Amino acid sequence: MPVDILVPPLSQTSDSLLLLEWLKQPGDKVTKGEALFTVETDKASLEVESPESGTLFEVYAKPQTEITVRSVIGKILKEGELLPQKSGAENKEAQSLEEQVVEIKSTLVEQKAPVGNNSTKRLFASPRARKLANENNLDLSQAVPTGSRGMVVERDALSLIEKAKIISENSPVPISHIRQVIAKRMLESHLKTAPVSYMRENDATNLVDFRNKVLADLSSGEIRPTFTDFFIFIICKALQQHPLLNATFENGKLSQHANVNLALAVDTDRGLIVPVLRNAEKLTIRQIAKFRKPLVEKAIKGSLSPDELTGGTFTLTNLGTLGVDFFTPIINPPQVAILGIGRIRELAVWKDSSVYRQSVMGLSLTCDHQVIDGAPAARFLDTVCQLIEKPIKSWL
Amino acid sequence: MAKLSIVEALREAIREEMRRDERVFCIGEDIDIEGGFGGAFTVTLGLSKEFGHDRIIDTPISEIAICGLAVGAAVAGMRPIADVQYGDFLFNMMDQLANEAAKLRYMSGGQVSVPMVMRAPVGSTRRGSQHAQNLEGFFTHVPGLKVVAPSTAYDAKGLLKSAVRDDNPVLFFEHKLLYGSKGQRSEVGALSPVGEVPDEEYLVPIGKGIIRREGKDLTIVATHRMLYESLAASEKLAKKGIEVEVIDPRTLVPLDKDLIFDSVRKTGRLMIVEEDNLTNGWGAEIAALAADEVFEWLDAPIKRLASPDVPPPFAPVLEKEYLQDEAKIISAIESLL
Amino acid sequence: MTNNPLTIIEYSGMYHRMVLIRRFEERVNELYMKGLIPSTLHLYIGQEAVAVGVCTNLKDSDYILSTHRPHGHAIAKGVSIKSIMAELYGKAGGCCKGKGGSMHVGDIDVGMFPAIAIVGGNVPIAAGAALAQKMQKNGGVTVCFFGDGAANEGAWHEALNAAAIYDLPIVFVCENNLYAASTPFSMSFRVDNVADRAAGYGMPGVVVDGNDVIAVSETCAEAIKRARRGEGPTLMECKTYRQCGHSRSDPRGYRSKEEEQEWLKKDPIPRFEQWLLVGKHASDTDLAQIREKVEKEIDDAIAFAESSPLPEPATTYTDVFKE
């Protein structure tokens, strides 16, 4: 075995020394105790002696380089030893037979180990578990064995099935296309608009009673307008009085529209769809009822045409049926406003020294403060409330 | 309905068959000597009063003759019920059983049949190695012999009647500790299960087992005393939420494979508990059959609990070590689950 | 030579059967040597007087139990030689459908149990058959054939004792041909006669010249009468000699040529021919005709055997149990 040439700990203050020069060259014979190389510590230059007699055959450190204390900077071959194989092709013949065999053996062992250990590891599973695995496409190597003698048994395969189910239930699922579109638009709305919401509770008693009266006068077979239909009628009237809210704002330009294309928010199992009732201001309540119903049905079925989905100037959204009183509806750009309808609640109120029934309804208006200030928004809302409180005014 | 011990049930079976068919007769040692014990375990006691000694034939100690007489008489048209006092003595008559009774029909090309029954008591009962053997395993291996092993009074009567009416040689194994013999002939440590036996005529078919206890976690197949140990073990395990299905095969040849394998398909685990010695016992046969025919349904290794490969010892503490019991069964089942 | 003269028909019948046995065995031997018979053979040649002498006295409803050397007994009892030949050939038309072979021939319809090759194994069974006959009260008797060798089997002793204590209607016929396989009689017995053992069981024992068909017949007739009268069993020892070896693979080195020559002189068939001719119970021509007839019968049997089909492999699995 060649002898290491070690760097002696000559410095008291540091772990590294400067190798000054080699006094012998590889191939030279050296004698034990003979000066082999010189080093510089922080204090002085010193000679280092050879640890063994023989032939200097390898040096690893160049002159004028830093060397670390206790590191190996060269090797000496003892008398009679053959040169061991270098990493290069030279000196191969010189390698002793023993060493060659040892090397070959160790490479073989290394090669065998991975094959034996990892890839051919036997799976111990009961036939019943295997049958279950085959039928359910399970990888039994993932199962935790609890059977006798460390076997994977049926219950372990069943656990795998359970786990797979849970994982599939909890793992991230890509969202549908519609959802992606909704998501994009919602985010855009937040980025592009300056939404402020105005909420007002208002007395819808008269509107409720008005509708009931209308319904009572209808003959059978006639379309029965819903509360929403009445509300759409009122909104259109209000919007005509406040055209600023029936506008679109794009690229810095504000367009006020004469027609009210009322977008209606419809909840479907695919997500929120907003079909547009065009020229709603021209429609009678009966007509509103007539056109709104199929529009909503198409939305739910997913069979709206592009015409029916674009061109909205104002959006109406109703969460009252789901029990919400007030909320902050999100504007649908390039529109500049959206009105949310909340729940109608029946209250008993004290008025004129008596108790009266009052149908109270929450209204939530969101306007884009880029173009609509608080006051115009509030005024619009006030108009809506007045029309709700005195529905007949809608026809005046 | 009467409550009978196995001894009483067997005696009734013999009596009924002898009344029904005059070709039926009994032959064996000490089976009804005047003033004697009516067979080693009193099964044939009193029968000679009704049928006389021409049909209840006592023999000298000549096991070969007992069997040979039965074989010859059966071929010549009679229906003998032969009796060996202890199962261990079947070895004395082995040639007559295995070379003659089992083969006469086959080697004659079906010319003759041998409608005989050989009744043999088995089971370890502190009498020593040569009076203690369970040896069903020897006979389940002989083509041409049927092997029956009832464990209840109902089955004992029904199966003995079926055996007498069967046209083939039937080895009928009775367990000494299940007889319920009374008085002088009662056994220490006997289980003596007394069972309901209908008054009306009935038969239990040879070749059909029965489920004694339903379960879903493991199937046990056991006979005789081991059946009762298995049932006791199952009761205890039920309290731990382990439900064992216990099958009494009743016949070992021909074996009710369908019953056993349907059960294994359900539970996925099979254990055979027998008093016969472990190596090459009938339990080994069932285990091998299962490993072949219901391999895919197995969820655990097939286990056999049996007496070790030693002759049956005498000392009670050694006999306890030799025999399987409730505790050993419970322990084995828990390690399988 | 006879106290009980049988009819001429019966005598010629006896002669016919003796010759039939002799020629059957000789020709079967030839077939075997040609490789046409798959099994080994235990030839009855030389012992014909015993089989015929005994079976002459029996009805179809009387039983005989035989041994590994059964051809003579079978032919004497009336088993069809066609069915025996086909059985030797291993064919489906054999008396045991090819499943028994030479050592198990028999036909229960003529009262012959399938022969039992376990030495001594047939003796207790014969006692059982006799027990059945006694219980059935039908007057039937059973004859059990066995050799000297069987008389040392435990089964033999148990059976003789049982027959005696139950007074069974059975005749035990010992064919003492002086050798049990290769073991001479003198090596295995301290008594001179198997029949000497009868006294030990309390039954009469009789020694008879087994090569004298008339003597055998008459002695047997007496024993049968005893049995039918309910007086119990008899042990009848027939001194005889098998001219061939124990089986086909036996070169008979254990017997001297002189002994064999001596016994050849006592061959039962020429003796009977002599007796018939001298007593004028038959003529040369009659005997010659019988011999010719026998050759033809055997030709027919061989033809039958050759044309009989091989057993279907599926029959390997049948007749283990009676369903």
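Me: Two residues are in contact if their C-beta atoms, placed from the backbone, lie within 7 Å. With that in hand, what covers the buried residues of H2(A)?

Reply: Part of the cover is helix H3 (154-170) of chain A. Keep in mind that this is a predicted model, where local features need pLDDT of at least 70 and side-chain atom pairs count only at pLDDT 80 or more, while totals for chains, interfaces and linings use all residues. Residues are numbered from 1 along each chain as its sequence is written, and chains are lettered from A and ligands numbered from 1 in the order in which they are written.

Me: What makes a stretch a helix or a strand here?

Reply: Both are DSSP runs, numbered from the N terminus: a helix (H or I) has at least four residues, a strand (E) at least two. Chain B has twelve helices and 14 strands on that count.

Me: Which residues of helix H2 (residues 127-136) of chain A are called buried?

Reply: They are Arg128(A), Ala129(A), Leu132(A) and Ala133(A). Buried means that 20 or more other C-beta atoms lie within 10 Å of a residue's own; 12 or fewer makes it exposed, anything in between partly exposed, with C-beta atoms placed from the backbone. On the face turned away from that buried side, H2(A) carries the exposed Asn134(A) and Glu135(A).

Me: How do you know where the buried residues of H2(A) lie, seen down the axis?

Reply: Take the directions from the helix axis to the C-beta atoms. For the buried residues of H2(A) they fall within an arc of 140°, so these residues line one face of the helix.

Me: What makes strand E14 (residues 303-307) of chain B mostly covered?

Reply: Five of its five residues are buried. Across the 337 residues of chain B, buried ones make up 59%.

Me: How do you know that E13(B) and E14(B) are joined?

Reply: Strands pair if DSSP finds at least two bridges between them. Strand E13 (residues 270-277) of chain B and E14(B) have four bridges and run parallel, and one pairing puts Asn277(B) with Ser307(B).

Me: Which hand does the β-α-β unit of E13(B), helix H10 (residues 282-293) of chain B and E14(B) have?

Reply: The unit is right-handed. In other words, with the strands pointing away from the viewer, the path from the first strand over the helix to the second runs clockwise.

Me: Why do strand E3 (56-59) and strand E12 (251-253) of chain B stand at the edges?

Reply: Seven strands form an open sheet, ordered E3-E2-E4-E5-E7-E6-E12 (chain B), with mixed pairing. E3(B) and E12(B) each have a single partner strand, so one side of each is left without a neighbour in the sheet.

Me: Which helices of chain B each supply at least two residues of the side that touches chain C?

Reply: In total, 35 residues of chain B are in contact with 35 residues of chain C. Helix H3 (63-75), helix H4 (94-101) and helix H5 (104-107) of chain B are the helices in question, and H3(B) gives the most, with nine residues. That side of chain B divides into 16 nonpolar, 14 polar and five charged residues. Nonpolar covers Ala, Val, Leu, Ile, Met, Phe, Trp, Tyr, Cys and Pro, charged covers Asp, Glu, Lys and Arg, and the others, Gly among them, are polar.
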